[in-house]
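Please walk through this protein with the sequence beside the fold.

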Amino acid sequence: MLELNAAKGPEAGDLVKDITEAEFMAEVVDGSKEIPVIVDFWAPWCGPCKTLGPQLEEAVKAAKGAVKMVKVNVDEAQAIAGQMRIQSIPTVYAFYQGQPLDGFQGALPQSEIKAFVERVVQAAGGDASGGLDDAVAAAEEMLEQGAAVDAAQTFAAILEEDPANAKAYGGLVRAHVVLGELEQAEAILNGAPVEISKAPELEAAHAQLELAKQSAGVGPVAELTATVESEPDNHQARFDLAQALYAKGDAEGAVAQLLDLFRRDREWNDGAARAQLFTIFEALKPNDPVALNGRRKLSSMIFA
């Protein structure tokens, strides 16, 4: 199993600190020469500041050293507030290489705060995931190479670090699908945090799970192929053949059979061929040639 390593950077205790006006030059202007520094301008009497501050700290700490944060009390740093033209609080600025990089005023939802921190880190060439993106990529490679158990363990370890990591969540579901543990895969999918339940990675995992469940009762490919060849208009046999082919790893063959079925009778079984095609396209990676070519051919048939 892959050992997860946090990104190199300041120690956790140094990621967020209160600074005085006299420290601004050293902590922000000079301090941002290599690692971006987010400055939270606040005051004790500011209600929204009490909400924004902790949320911003959480997002900064989640980046595991790729960015730092300092808090400046404007009541005690009026000269700096004047230089920065702070007209209302909370106001947040990000500095990199001694210059303002980005910023916003007022309270924001947690999702937008997280996106702001990620944007700042990426602009500085860093990794806001704290190394988790590399771990996800490694787990995906394990899954592609057939090491589904190792992949599942790695995805699970990533989720311990970041429970709302949609890529890892979808990967964990798909790993259990590959292992044939469909009930476990479904339980994991149903337990996804609400904020990522509609993420593309989970939609793709759901599609793969549904295809795996469908293929459980289909017959052998050879027998279904023989039936389709002798009975070209046996739509159910062709549909079953597509399921069997996909279950054997032949997505291209499955798509070809479903396109043929759609061409022969697009309304058969309430448009089952079209629905199944979309499920397969969703289960495949967006840039997969099978999905791209299949979508193009289906569109040409629909609008012919």
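Over residues 5-10, pLDDT stays under 50. The model has 13 contacts beyond four places in sequence for this stretch. This is a predicted model, so read that segment with the confidence score in mind. For the protein as a whole, the mean pLDDT is 89. Of its residues, 94% reach 70 or more.

Now the overall form. The protein has 14 helices and five strands. Its radius of gyration is 26 Å, whereas the globule rule gives 19 Å for 304 residues. The protein is therefore more spread out than a compact globule. Along the principal axes, the C-alpha atoms fill a box of roughly 85 × 45 × 30 Å. Buried residues account for 44% of the 304. Take the contacts between residues at least 6 apart in sequence: 63% of them join residues at least 24 apart.

Next, the strands. Start at β2, residues 37-42. Five of its six residues are buried, so the strand is mostly covered under the 20% accessibility cut-off. β2 pairs with β3 and with β4.

The pairing with β3 (residues 68-73) is parallel and has six bridges. Val 37 stands opposite Lys 68 there. Further along, Phe 41 has Val 72 as its bridge partner. Helix α2, residues 47-62, belongs to this part too: β2, α2 and β3 make a right-handed β-α-β unit.

The pairing with β4 (residues 91-96) is antiparallel, with five bridges. Here Val 39 has Tyr 93 as its bridge partner.

β3 also pairs with β1, residues 16-18. These two strands run parallel and share three bridges. One of the pairs is Asp 18 with Lys 71 of β3.

How many of the six residues of β3 are buried? Six of the six are, so the strand is largely enclosed by the rest of the structure. In a regular strand, side chains alternate between the two faces of the sheet. In β3, both faces are covered. Lys 68, Val 70 and Val 72 are buried on one side. Met 69, Lys 71 and Asn 73 are buried on the other.

Note on methods:
Residues are numbered from 1 along each chain as its sequence is written. This is a predicted model: local features need pLDDT of at least 70, side-chain atom pairs count only at pLDDT 80 or more; totals for chains, interfaces and linings use all residues. Side-chain values use heavy atoms; hydrogens and water are left out. pLDDT is the predictor's confidence in each residue, from 0 to 100. Contact means heavy atoms within 4.5 Å. Buried means under 20% relative accessible area, exposed over 50%, partly exposed in between (1.4 Å probe, protein chains only). Helices (H or I, at least four residues) and strands (E, at least two) are DSSP runs, numbered from the N terminus. Two strands pair if DSSP finds at least two bridges between them. A crossover is right-handed if, with the strands pointing away from the viewer, the path from the first strand over the helix to the second runs clockwise. The radius of gyration is taken over C-alpha atoms; the globule rule is 2.2 Å times the number of residues to the power 0.38.
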